[in-house]
Amino acid sequence: MSLIHIVIFFRQPLPNKTTFHPIPLCKRPNLQLCCPQFMIISTTNTQFMEPTTSQLCIILLILSFSFSSQFRSSHSTFTDSDLDQLSHDLLESARDPEFFEWMKRVRRTIHQNPELGFEEHETSRLVRTELDSLGIEYVFPVAKTGVVASIGSGHGPVFGLRADMDALPLQELVEWESKSRVEGKMHACGHDTHVTMLLGAAKLLHSMKDQLKGTVKLVFQPGEEGYAGAHHMLKEGVLSNVDAIMALHVAPSVPTGSIASRPGPILAGAGMFTAKIKGVGAHGAQPHLSRDPIVAASSAVVALQLIVSRETDPLESGVVTVGYFKGGEARNVIPESVEFGGTFRSLSSEGLTYLQRRIREIIQMQAALHQCSAEVDFMEDVPLPHPVLVNDHALYEHGKWVSESLVGRSRVEVFPITMGAEDFSYYAEKMPAAMFVVGIKNETLKSDQPLHSPYFFVDEEALPIGAALHAAVAASYLERHLTQNLGTCQG
């Protein structure tokens, strides 16, 4: 924007060491570029009359009023019709046959080559190759295999879009042409679709990079599945200037073509634990010579169920689940030790703290009762537990507004609070954040199987919706953020 200056001529030159500084009308430092500036300039050999103080005040008032009127007319609010046009254009572009086929190829390539947390070397390489082909700059490595790309002006405001990249240690049981080629590994949580949607958004945003009123950071994050990858991305500082961030997750409970979310708490905080109980082994025919860790561990597993059923307020949500139990190799031998582990979840930080304390106490006490010893590891160095995921109310409303424009009000749902967990909650602790889910449920395709199931399948018709939603939320956020900030320039 051009700057308006008042030039005052003096009849006599001023001393050589006199310095002058622009005096912004607006007192907000980050908004000075949008406001008129006034500078006194001296000249020699002039005979103009120096203005009086009252004349100067009148000039200032006239210019201030003129600028205010011009400012209001040239920076109108980003309207519903503006958003509708933006959403329509982005979705049409994402549904273009060539664009859609490209997204399917990318997604299937990732799906066939699943990689576990912090091992996403090929996935990360694919991301960087696609970004290079578009001419998008990025930072790598971030948290080992992560990538953070930037599109736009390079200045604020800055909006983040995040996709997780890692797979699960699970054998895929769906027979189709792009089935996982890696034994015991599968994208059963849709992270292959998340990466694809964000790459689709990158392509859409890059095509309009000159119109973006700020910067969009694309966050390709490793290690979501129990590795707290979000925490490690934040720790490296590459997102310190992000004003707000959004993530998408596919949902087999929501129909394809629909979008869902909710304000406030949406996913539980979650921790994990591993317990090892040590006793004294013996022959199965001589149990009196043993200190049986199987009995001690079994008692502990049963006692853990009482934390939620008898110690937790029925109106509060809590989960304690034991997911595996390992002990012994032979049917007639009592082993030396037993290991088991599980997860605990709550919708409050206080709840998480209580569950963790009681899990430790119960396991250790049950071990002692049976003359055994116990060690309990909560993997706090990961770090765990993940915080509760709380959607920022204002960002949720913005995302809802965009979603309704994109797919229609009737296809935007309120997502129920669930005890699932997501390390996206680490971002939400540092900045306004919101997670939205994109529906993939299509019973004809059998894409209605739950997350983390070996039968999990995706309706790829959701890919253009996710890509367009990412891009529309980011671009409109920058538009509205700029307009709102500029509007405060007069205050």
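Tutor: Start with the cysteines. A disulfide is a pair of cysteine sulfur atoms within 2.5 Å. By that rule, this model has zero disulfides. The model is predicted, so local features need pLDDT of at least 70 and side-chain atom pairs pLDDT 80 or more, while totals for chains, interfaces and linings use all residues. Residues are numbered from 1 along each chain as its sequence is written, and side-chain values use heavy atoms, leaving out hydrogens and water. Cys-189 is buried (under 20% relative accessible area, with a 1.4 Å probe and protein chains only), at 6%. Cys-372 is buried too, at 11%.

Now the sheet. Helices (H or I, at least four residues) and strands (E, at least two) are DSSP runs, numbered from the N terminus. Two strands pair if DSSP finds at least two bridges between them. The open sheet has eight strands, in the order β3-β4-β6-β5-β7-β18-β8-β17, with mixed pairing. β3 (137-142) and β17 (412-414) stand at the edges. Each has a single partner strand, so one side of each lacks a neighbour in the sheet. From one strand to the next, the twist averages 25°. Angles run from 0 to 180 degrees between N-to-C directions, and axes are lines fitted to C-alpha atoms, for helices over the stretch in contact.

Look inside the sheet. β5 (residues 158-164) runs parallel to β7 (residues 244-255), and four bridges join them. Arg-162 has Ala-247 in β7 as its bridge partner. Helix α5 (residues 191-207) packs on the sheet and touches β4, β5, β6, β7 and β18. Touching means contact: heavy atoms within 4.5 Å. The direction of α5 makes about 145° with that of β5. Helix α9 (residues 393-407) lies across β5, β7, β8, β17 and β18, at about 30° to β18.

β7 gives the largest share of the lining, five residues. β9, β10, β14 and β18 are among the strands that each supply at least two.

Definitions and conventions. Buried means under 20% relative accessible area, exposed over 50%, partly exposed in between (1.4 Å probe, protein chains only).
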